[in-house]
Amino acid sequence: MAEADIAYVATAGAAGLALALSAWAARMRAKLAVRNTALEAALAAADVDRAERDGALAAFEDVRLALTPGGRTVRLGAPATWDAIVRDLTSHDAPAGDPGLVVLDAVRGVAGPRLDALMDRGESFDAVLEGAGGAWTVEGRSSAGAAWLRLSRLGLVGTAAESGLGLLADAWPAPTWVTDSAGRLAWANRAWLAEMKVESVEVAREKGLSFDRGADAIVAEAGRLHQPQEGFRWTTGGGRRRAWRIVAEPAPGGAGAVLAFALDMTEAEETRDTLRRHVEAHDETLNHLADAVAIFGPSKRLAFHNTAFQTLFSIDPAWLDERPTHAELLDKLRQRRLLPEVIDYAGWKAKELDFYGSTHASPDDSWSLPDGRTLRVVRQPHPLGGMLLLLSDITDELKLRSRFNAQLQVQMATLDKLNDAVAVFGSDGRIRLHNEAFEAFWGVSGDQLRAAGDFDAISALCQATLPDPSLWLGLKARVADPDPESRVPISGEGRTADGRIASWQTRPLPDGATLVAFSDVTARRELEQALAAKAAALEESTALKREFVGSVSYELRTPLTTIVGYSELLEIQGDLPERSRQHAGAIRIAASQLASSIDDVLDMAQIDAGEMELTLGDVRVCDLLDTAADKVRARIEGRGATLTVTCPTNLKPIRADAQRVGQMLDHLLDNATRAVAEEGVVTLTAEAGPAEVRIRVEDTGRGIPYHLQAHVFDRFVRRERGGPGVGLALVKALVELHGGWAEVESEPGKGAAFILHLPLEAESAAAPPELRLG
């Protein structure tokens with residue numbers, strides 16, 4: 001190709017390229033114009049949006065601060081608000097700094113760890129900044145990789161105080177207050193200030209006052225958990241204790257602020273405490289009842305039972321404390337056979353539970369248990385709903401009632417068998433019971449007595465038989481007068497119209513009744529008169545007998561004295577033959593024994609007449625024993641026997657009549673002398689007791705038969721030993737005059753022993769009084 005062609009082609013290519021470039025540039029300019037227009041519109045919209053946001057932030061007293069990962073801060077909000085925050089958070093003399101850094105330093109001072117957690121891990125937090133002009137809430141949030149802080153005034157107090165709600169809260173009678181997130185007092189109403197006795201919240205803040213430590217703990221718990229909390233506290237103030245119900249409610253949007261209310265529950269708590277004490281006293285009273293008490297609530301569950309209920313059925317208290325239902329209790333009692341044996345238990349149980357629908361108390365019922373007990377059951381509706389069940393063990397009561405009825409029937413039968421006419425009148429004067437003899441005595445019928453009824457009418461019926469008005473007035477006073485002095489037993493006699501002698505007597509009974517008894521004593525009085533006549537005749541004959549005995553004894557004593565005297569003279573005659581001398585001695589001995597017997601008879605007569613007196617003195621028993629032994633020793637040894645005397649040397653003297661004690665010893669030794677055989681032994685012993693001296697006269701003779709031992713001390717009874725006489729009877733009478741007694745011990749064939757029990761001090765009316773000194 002030629003150079004010209006090449007140049008032409010190059011020129012044409014350049015021109016085409018230029019045209020293409022021009023077209024492309026034109027299209028690009030058009031696109032750029034469209035983009036510029038869009039960008040300008042977007043920029044205008046962004047300016048409008050930013051203006052709206054700035055206006056929204058400026059409309060509210062809050063600002064926002066963004067912390068970027070590069071450490072840069074971005075401030076949003078009205079400049080006036082930023083200026084207010086900076087003024088509140090810095091002192092007047094401190095130089096003004098970057099507002100964002102001032103806020104950031106203040107927030108780090110109150111929430112440093114939480115601020116770091118927000119920046120590092122995006123953990124949100126809330127806090128409160130205290131400034132010179134007020135408090136600011138701080139909210140920390142994470143968004144788009146940046147940490148945002150929002151600061152706004154804590155306007156709860158201000159807005160509430162300026163609104164109707166604030167006025168209502170301030171006038172609320174219950175103490176109400178608001179605390180910030182740090183637990184410090186932010187606001188309180190007038191009731192709270194009055195309770196704390198301060199004039200304003202500022203004064204309360206300065207003094208660090210709080211309503212109550214326990215209430216502060218409840219409020220702090222509500223702020224920490226962001227959940228409502230309630231509690232109960234007692235406080236003391238003004239000389240009295242008061243109960244408060246504390247309600248703590250986290251404030252919505254309050255950045256940790258808590259609203260607290262103290263509701264006065266004193267009256268309610270005092271009422272509840274009074275009710276509790278009444279319930280406890282009621283329960284304690286029921287626990288002291290002997291009857292078993294069980295209370296079932298509206299749900300038919302056991303609400304209360306006393307101790308007697310648990311004891312009656314021996315149920316485990318722990319099981320009862322689980323509050324079983326009425327049906328469960330019945331089932332358990334049936335298992336333990338503590339319910340009546342019935343054929344249809346299901347029907348019986350349903351009928352038992354039907355009482356819950358009743359509005360009236362049911363009639364008393366009785367349960368006969370298999371163990372023999374009988375229970376009285378009372379069911380009645382409970383005022384608070386449910387049923388009250390009362391159970392009483394009446395087994396003993398039924399037994400006593402049966403025994404009482406039987407006893408009453410026995411008494412009635414006994415009264416009917418009495419011959420005396422008996423009637424019992426009550427304290428109201430009406431007749432309660434009478435026997436058949438009462439009707440027969442007065443000649444009236446039982447229908448007449450029942451129709452008469454009271455004492456006046458009955459006395460009118462009886463006056464026809466015993467017309468003595470004073471008698472019936474006196475009986476009425478004993479029956480109807482309640483005065484204890486009038487209710488004393490009285491008795492008397494009267495003569496009836498038909499000539500009988502009627503004896504009457506009254507007896508007050510313990511229940512206020514009076515028993516009146518009448519009896520026909522005509523035969524008794526006639527017998528008494530006959531006996532009195534016989535007693536007089538007997539006394540006269542006794543006096544004649546005593547006079548006869550005395551006269552005869554005296555008449556006998558005189559010739560006996562002559563016989564004894566002349567016999568003694570004959571014995572001493574030297575020219576008298578020996579046989580005649582023995583006859584004279586025998587005459588003397590017989591006369592002496594006869595004289596002694598006459599003396600014994602006289603002594604017995606004197607004792608019977610009560611005319612014998614004891615001459616008391618200090619008696620040495622050992623000396624009496626020796627004297628008595630010396631009198632009979634020769635006779636005993638003459639029979640080939642032995643006499644032994646035993647007496648303690650330390651035996652003290654006794655107060656007695658020495659002559660009579662010696663007389664008793666003489667009779668007993670004489671009796672032993674006649675009974676002892678050859679080579680026998682007569683023992684005379686004395687021994688001291690606590691309040692007496694015992695003198696024992698014992699022989700080894702033939703003894704006394706058993707059938708005669710009971711009569712050995714009787715007088716004028718023929719005996720195997722000693723013949724007829726009064727010797728042993730006189731011994732018994734003399735020892736009893738001293739206040740003692742006598743006994744005999746004997747085994748036939750082995751001898752006999754007579755024991756005298758003499759007191760240390762004679763106690764007898766036969767002894768004249770003695771002069772005692774000192």
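Reader: Which residues are exposed on the other side of α18?

Author: Pro469, Ser470 and Leu473 are; exposed means over 50% relative accessible area, buried under 20%, and partly exposed is in between (1.4 Å probe, protein chains only). Bear in mind that this is a predicted model, where local features need pLDDT of at least 70, side-chain atom pairs count only at pLDDT 80 or more, and totals for chains, interfaces and linings use all residues. Residues are numbered from 1 along each chain as its sequence is written, and side-chain values use heavy atoms, with hydrogens and water left out.

Reader: What makes the buried residues of α18 sit on the same side?

Author: The buried ones are Leu471, Trp472, Leu475 and Val479. They cover an arc of only 90° around the axis, so they share one side of α18; the arc is taken over directions from the helix axis to the C-beta atoms.

Reader: And what covers the buried residues of α18?

Author: The cover includes β16 (421–425), α15 (436–442), α17 (455–462), β19 (501–508) and β20 (514–520). Helices here are DSSP runs (H or I, at least four residues), as are strands (E, at least two), numbered from the N terminus.

Reader: Why is Tyr566 called exposed?

Author: Its relative accessible area is 55%, so Tyr566 passes the exposed cut-off. Tyr566 belongs to helix α19 (residues 522–571).

Reader: Which residues other than glycine have a positive phi?

Author: Ser314 is one, near 55°, in the loop between α10 (307–313) and α11 (317–321). Arg337 has a phi of about 55° and lies in the loop between α12 (326–335) and α13 (345–353).

Note on methods. Contact means heavy atoms within 4.5 Å.
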